[in-house]
Structure formats: structure tokens, C-alpha cells
Amino acid sequence: MFAIIGGSGLTQLSCLEISHRRIIRTPYGEPSGPLTFGKLKNEDIVFLARHGLGHTIPPHAINYRANLWALHSLKPCHVIAVASVGGIRADLTPGKLVIPDQIIDYTYGRNFTYFDGQEQPVTHVDFTLPYSQSTRNLLLRGAKEANEAVSDGGVYAATQGPRLETAAEINRLERDGADIVGMTGMPEATLARELGLNYAAIAVIANHAAGRGISTNGIPLKEIYAVLEHAMVKVRNILEHVVSCHGD
Ligand code: HPA
């Protein structure tokens, strides 16, 4: 079974033949919403809307631990996260897609680990390569077969939100080596690693990051919706090919 976590612009997977929805409770509380089960190209899929079905949960308030725990309980072969981001690198313009390979975490105050119990031995997970290479390869192959252009690799800067960044903050992120900026990539990726999940992300550029391109004097928020709607058609196409080329 594939697990897909949908972000802004992808609260539902319209290409999914839905069989049922299930509420799963976890030791960490409830996930963002019920899990939706169904089939995509004859493969079993479980879908979770990260911000809730009504898109009401802001990035800092998402129960990432419950979300990943619930998905892990279903033993998915891969977890594919879809996330909208701002583009920092000049060629990453609105509508483009990136399969990131690195992360810098600027978030704070989130529940970011399962290893914080008093009675557990201290546990450190390796996070040198934060995304699963096998899941990334599957996404790259699916994109190729779907004939959709994606950038292979990029550094994802995870910011706290819910406000967008200042232009100076984006300049700093660029000096740090970031190519894209979003608010939900962490702690999602690290929790997936702690659970041993094969997890990777498709980042959809929703806007030029603050101070860049057409966002020089402000991010045109009204335009983001149309950009995402258009880009999610490409994402769905890729997902269909990813699940059908899996196992070949
Ligand atoms: N910054 C942070 N998160 C985002 C952005 C952005 O510009 N666009 C979409 N998610």
C-alpha cells in the first residue's frame, strides 16, 4: 500500500476510487482527519489531508506524530508527501515541481520526536540523507514516465509559519543553501525516519519566495490557488505513474 499525504491544493485525491474512510486514534492523539482508503491504478492507497479535510489546521498545529504513526500502522511500502512551497532558486518558478533531497529545519516548538519518553534509552536516528532514496527514485521514474518535468534534488527550508517570510529571511535561507521554502516538511520527514518509513516529497512551487521574482514587493496570495490547481494536475499524473511502475 502507498500512503500519500496531501498538502495545500491537494486536500482530496480526485483520481482515487475511494472505498472507505477510517478514523485512527494513536498514542499521540488524532491525525489531521480520517484516512481515506481506495485504489489508484489498481494499487491500494491511503490518503491523508495534512491540514484536515476542510484545510483548517495551520502548519505549526498539525499533529505530525499522530499523522505518521497512523500511516505507519498500515505498513505502507512508501509514503509520498505533497507540499506546496515558495521558490528561492531562480529557476524554480511557480508551477514547477521539485523532488528535494535535503532539508534545513528552522521550525520550533513542534512535537518533533517519538524518542522523548522518560523510560526509553536515548536514541539518535541517522538523518544525513533525510529522504528515502528508493522513494525519490520511484518519484523520479514516475515523473519521467508521466512526461512531467521535475527538478531532481533541492534543499527544502522548513519555516515555522503561518506567516510567510520577509525578503531578508529568504536572503538568509539562500545563503544557507536553501532552494525552496515551506512550512510542513519538518518534523514530518524526521518522524517518518524515526518510524523507518520510506518517505519522500514532491514539492510544488506555489509562488516566488518573498522578495524574489514577482514577489519583489509582496507575495500575490490570490494567484497561488490557480497555480496550485494547475500544478496538482501534474502531481496526480505523476502519482498515477508512480503507483503503476512500482513493482515493475
Ligand atoms: N514560504 C513558506 N511556505 C510556503 C510558501 C512560501 O513562500 N509558499 C507556499 N508555502
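**Close-up views of the predicted model**

**Figure 1. T190 touches F112 and F127, residues up to four places away in sequence being left out of the count.** Contact here means heavy atoms within 4.5 Å. This is a predicted model, in which local features need pLDDT of at least 70 and side-chain atom pairs count only at pLDDT 80 or more, while totals for chains, interfaces and linings use all residues. Residues are numbered from 1 along each chain as its sequence is written, and side-chain values use heavy atoms, with hydrogens and water left out. T190 is found in helix 4 (residues 185–194); helices (H or I, at least four residues) and strands (E, at least two) are DSSP runs, numbered from the N terminus. With a relative accessibility of 11%, T190 counts as buried, a class that means under 20% relative accessible area, against over 50% for exposed and in between for partly exposed (1.4 Å probe, protein chains only). Although T190 and Y114 are 76 residues apart in sequence, their C-alpha atoms are 9.8 Å apart in space.

**Figure 2. Aromatic pairing of Y28 with Y114.** Rings of Phe, Tyr and Trp (its six-membered ring) pair if their centres lie within 6.5 Å; planes under 30 degrees apart count as stacked, over 60 as edge-to-face and the rest as tilted. By this rule there are four aromatic pairs. In the pair of Y28 and Y114, the ring centres are 5.1 Å apart and the planes stand at 65°, so the arrangement is edge-to-face. Y28 lies in the loop between strand 2 (17–22) and strand 3 (35–40), and Y114 in the loop between strand 7 (102–105) and helix 2 (133–146), so the pair ties together parts that are 86 residues apart in sequence. Y28 is partly exposed at a relative accessible area of 25%, whereas Y114 is buried at 5% relative accessibility. Ring pairs also bring in W69, which forms a cluster with Y28 and Y114.

**Figure 3. The stacked pair of Y131 and Y199.** These two rings lie 6.2 Å centre to centre, with 10° between the planes of Y131 and Y199. Y131 belongs to the loop between strand 7 and helix 2, and Y199 to strand 11 (residues 199–208), so parts 68 residues apart in sequence are tied together by the pair. Both Y131 and Y199 are buried.

Figure 4. A backbone N or O atom of S84 lies 3.3 Å from a nitrogen atom of the ligand. For E165, a polar side-chain atom lies 2.7 Å from a ligand nitrogen atom; for N207, a polar side-chain atom likewise lies 2.7 Å from a nitrogen atom of the ligand. On its own the ligand has 260 Å² of accessible area, of which the protein covers 92%. Accessible areas come from the Shrake-Rupley method with a 1.4 Å probe, and for residues only the protein chains shown count as cover.

**Figure 5. The polar contact between the side chains of H78 and T135.** H78 is placed in strand 5 (residues 78–87) and is buried, its relative accessible area being 7%. The contact between the H78 and T135 side chains is 2.8 Å. A polar contact is a pair of N or O atoms within 3.5 Å; within protein, one must be able to donate a hydrogen and the other to accept it, and residues adjacent in sequence count only if both atoms are side-chain atoms.

**Figure 6. Helix 5 (residues 221–245) and its buried residues.** The 25 residues of helix 5, at 1.5 Å a residue, should span 36 Å, which agrees with the 36 Å between its end C-alpha atoms. The expected span is 1.5 Å times one less than the number of residues in the helix. Among the buried residues of helix 5 are I224, V227, L228, A231, M232, V235 and R236.

**Figure 7. Backbone geometry at P162, P187, K41 and N147.** The peptide bond from G161 to P162 is cis, with omega near -5°, and P162 sits in the loop between strand 9 (155–158) and helix 3 (167–176). Another cis peptide bond joins M186 and P187, with omega about 5°; P187 lies in helix 4. K41, a residue other than glycine, has a positive phi near 50° and is placed in the loop between strand 3 and strand 4 (43–49). N147, also not a glycine, has a positive phi near 65°. N147 is in the loop between helix 2 and strand 8 (151–152) and counts as exposed at 71% relative accessibility.
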